[in-house]
Amino acid sequence: MNPDHVTVVYSWIARAGQLDALTSIYREVTEAMQKNEPGAESVHVYVSEADNSLYVRDEFADADAVGYHLQSTA
């Protein structure tokens, strides 16, 4: 594994009745990352209807890739 590799884990909590909308928006964000961010290695999204949440794990090549993501897609 690359010693500069960065994993970012976070969650989004949807407003009541908005989990499908949030999931759809995040699908667009994921596609944008895959198309436009060479340092974004993978995105894993887990949808929890029980928690009304998305749990996300982003994998980046290095800190520069995270910085690019935060300034562009995020």
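**Exercise 1. Find the residue of S3 that is the bridge partner of valine 43, and describe how S2 and S3 are joined.**

Step 1. In this predicted model, the bridge partner of valine 43 in S3 is aspartate 58. Strands here are DSSP runs (E, at least two residues), helices are runs of H or I with at least four residues, and both are numbered from the N terminus.

Step 2. S2 and S3 run antiparallel and are joined by eight bridges, where two strands count as paired if DSSP finds at least two bridges between them.

Step 3. The two strands form a hairpin with four residues between them, and asparagine 52 in the turn has a positive phi of about 55°.

Two notes on the values apply throughout. Residues are numbered from 1 along each chain as its sequence is written, and side-chain values use heavy atoms, with hydrogens and water left out. Local features need pLDDT of at least 70 and side-chain atom pairs count only at pLDDT 80 or more, whereas totals for chains, interfaces and linings use all residues.

**Exercise 2. Determine which residues of H1 are buried and what they pack against.**

Step 1. Helix H1 covers residues 19-36, and its 18 residues reach 25 Å from the first C-alpha to the last, close to the 26 Å expected at 1.5 Å a residue; the expected span is 1.5 Å times one less than the number of residues.

Step 2. Leu19, Leu22, Thr23, Tyr26, Thr30 and Met33 are the buried residues of H1. They lie on the same side of H1 because they cover an arc of only 95° around the axis, taken from the directions from the helix axis to the C-beta atoms.

Step 3. Buried means under 20% relative accessible area, exposed over 50%, and partly exposed in between (1.4 Å probe, protein chains only). The face of H1 turned away from its buried side carries the exposed residues Asp20, Glu28 and Lys35.

Step 4. The buried residues of H1 pack against strands S1 (6-13), S2 (40-48) and S3 (53-60) and against helix H2 (63-71).

**Exercise 3. Work out whether tyrosine 26 is buried or exposed, and list its contacts.**

Step 1. Tyrosine 26, placed in helix H1, counts as buried because its relative accessibility is 6%.

Step 2. Leaving aside neighbours within four places in sequence, tyrosine 26 is in contact (heavy atoms within 4.5 Å) with Tyr10, Trp12, Val43, Val45, Leu54, Val56 and Asp58.

Step 3. For valine 45, 19 residues apart from tyrosine 26 along the chain, the C-alpha atoms of the two are separated by 8.5 Å.
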